[in-house]
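Please keep the sequence and the structure in view while reading.

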Amino acid sequence: MDGVTGGLQKRLKADMNKVGIKPKPYDFMFWTNLYMMIVAIFISFVLGEFTQAIGQSFIFYTVAHFDPLVCSTVTTTRKIFSVLLSIFTKGHQMSLQGWFGVSLAVS
């Protein structure tokens, strides 16, 4: 997407100059981020990964409102439960070393 950004900013600057508006740096930031957000949402829906984007938003929320230790604890706990859920619901197998790792992470 970085290759597209320069072209979009050049076009935005030219369009704004046509109507007599001098673009400010924050105009570029806003419109570029808005465009990238729309593209990211579209791609995540196409690939079926929108829930991951929502999960990432919760991580940013946790970091912004709590300290990094809380965020680390929440993410580790989520990963442990994801592994256990995968084992019990989908019948995945885990070695003795894997179970040792899970028990170490839980303790």
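**Briefing on the predicted model**

L8 has a relative accessible area of 29%, so this residue counts as partly exposed. The model described here is a predicted one. L8 belongs to helix α1, and its C-alpha atom lies 49 Å from that of Q93, a residue 85 positions away along the chain. The points below treat the pockets and then the aromatic rings.

**The largest pocket**

- The volume of the largest pocket is about 240 Å³.
- Two helices, α3 (50-65) and α4 (68-90), each contribute at least two residues to the lining of this largest pocket.
- Helix α3 provides the largest share of that lining, with 7 residues.
- The residues that line the largest pocket are T51, Q52, G55, Q56, F58, I59, T62, C71, V74, T75 and R78.

- Helices α1 (2-18) and α2 (25-47) each supply at least two of the lining residues of the second largest pocket.
- The largest share of this lining comes from α1, which gives 5 residues.
- The lining of the second largest pocket consists of 5 nonpolar, 2 polar and 2 charged residues.

**The aromatic pair**

- A pair of aromatic rings is described by two quantities, the distance of the centres and the angle of the planes.
- The count of aromatic pairs in the model is 1.
- In this pair, the ring centres of F88 and W99 are 6.5 Å apart and the ring planes stand at 40 degrees, so the arrangement is classed as tilted; a stacked pair would need planes under 30 degrees apart, and an edge-to-face pair planes over 60 degrees apart.
- The pair links distant parts of the chain, since F88 lies in helix α4 and W99 in helix α5 (residues 96-106), 11 residues apart.
- Are the two partners buried or exposed? F88 has a relative accessibility of 62% and therefore counts as exposed, whereas W99, at 34%, counts as partly exposed.
- The cut-offs behind these classes are under 20% for buried and over 50% for exposed, with partly exposed in between.

Key. Residues are numbered from 1 along each chain as its sequence is written. This is a predicted model: local features need pLDDT of at least 70, side-chain atom pairs count only at pLDDT 80 or more; totals for chains, interfaces and linings use all residues. Side-chain values use heavy atoms; hydrogens and water are left out. On a 1 Å grid over the protein atoms alone, a cavity is a set of points where a 1.4 Å probe fits but cannot get out, and a pocket is an open set with protein on both sides within 12 Å along at least five of seven lines; lining residues have an atom within 4 Å of a point. Grid points are joined across faces, edges and corners, and a volume is the space filled by probe spheres set on the points. Helices (H or I, at least four residues) and strands (E, at least two) are DSSP runs, numbered from the N terminus. Ala, Val, Leu, Ile, Met, Phe, Trp, Tyr, Cys and Pro count as nonpolar, Asp, Glu, Lys and Arg as charged, and the others, Gly among them, as polar. Rings of Phe, Tyr and Trp (its six-membered ring) pair if their centres lie within 6.5 Å; planes under 30 degrees apart count as stacked, over 60 as edge-to-face and the rest as tilted. Buried means under 20% relative accessible area, exposed over 50%, partly exposed in between (1.4 Å probe, protein chains only).
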